Amino acid sequence: MRIKWSLEEAVVLLEYFFVSRGEYKDSELQTIRNMMIKRALEMNIAYDEKFRNITGLRMQLGCIEYVVTDGKSGLQNAARIFNDAYDLLQENRPKYYLILSEFYKKYQQDIGGENNE
């Protein structure tokens, strides 16, 4: 089951790409995945165990690297939405950060019973 990436998901992953500086941690990727699952549940999007899994998130981060480095490194098959997210960051930072903060406000609470301290 393949579910297209939304702009808000792409923004979250793009931001993680910059914040992590290439050191992707499974625990952080799992937190992002949990938020994306919470989003899917709230939006009644059917998904399976492969949905936004850690391996897939790592692959998408490679695609984001390709977009950000203008094709100098990373994985070449980036979805258009990652280009859109990067363009938004460059052209309309207030909107980019609004999307990012709204995503965290909506989906970060009570993820898997963890306290994100």
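**Figure 1. Overall dimensions of the predicted model.** The radius of gyration of the protein is 14 Å, which agrees with the value near 13 Å that a compact globule of 117 residues would have. The model shown is predicted. Along its principal axes, the C-alpha trace spans about 40 × 30 × 30 Å. Of the 117 residues, 39% count as buried. The accessible surface comes to about 7200 Å², and carbon and sulfur atoms account for 48% of that area.

**Figure 2. Secondary structure and contacts along the chain.** The protein contains 5 helices and 0 strands, and its pattern along the sequence reads α-α-α-α-α. Contacts between residues at least 6 apart in sequence were examined for their separation: 65% of them join residues at least 24 apart. The side chains include 16 positive and 18 negative ones. The centres of these two charged sets lie 4 Å apart.

**Figure 3. Helix α3 and its packing partners.** Helix α3 covers residues 54-68, a run of 15 residues. From its first C-alpha to its last, helix α3 reaches 21 Å, close to the 21 Å expected at 1.5 Å a residue. Which residues of α3 are buried? They are Leu57, Gln60, Leu61, Gly62, Cys63, Ile64 and Val67. An α-helix has 3.6 residues a turn, so residues three or four places apart point the same way.

Figure 4. The phi angle of Asp70 is near 55°, a positive value in a residue other than glycine. Is Asp70 buried or exposed? With a relative accessible area of 64%, Asp70 is exposed, because exposed residues are those over 50%.

**Figure 5. Asn44, in the loop between α2 and α3.** Asn44 belongs to the loop that joins α2 to α3. Although Asn44 is not a glycine, its phi is positive, at about 55°. The relative accessible area of Asn44 is 71%, and Asn44 is therefore exposed.

Figure 6. How accessible is Ile45? Its relative accessibility is 24%, so Ile45 counts as partly exposed. Residues up to four places away in sequence aside, Ile45 touches Ile3, Arg39 and Ala40. Ile45 and Ile3 are separated by 42 residues in sequence, yet their C-alpha atoms are 8.6 Å apart in space.

**Figure 7. Ser6, in the segment before α1.** Ser6 is found in the segment that precedes α1. Ser6 has a relative accessibility of 15% and therefore counts as buried, the cut-off being under 20%. Which residues does Ser6 contact, apart from its neighbours within four places in sequence? Ser6 is in contact with Arg39 and Ile81. Arg39 is also one of the residues touched by Ile45.

Technical notes. Residues numbered from 1 in each chain as written. Predicted model: local features only at pLDDT ≥ 70, side-chain atom pairs only at ≥ 80, totals over all residues. Heavy atoms only, no water. Helix = DSSP H or I, 4+ residues; strand = E, 2+ residues; numbered from the N terminus. Rg over C-alpha atoms; globule rule 2.2 N^0.38 Å. Buried < 20%, exposed > 50% of the residue type's maximum accessible area, 1.4 Å probe, protein only. Contact = heavy atoms within 4.5 Å. Areas by Shrake-Rupley, 256 points an atom, 1.4 Å probe, with all protein chains shown as cover. Lys, Arg positive; Asp, Glu negative; His and termini not counted. Charge placed at Lys NZ, Arg CZ, Asp CG, Glu CD. Expected span 1.5 Å × (residues − 1).
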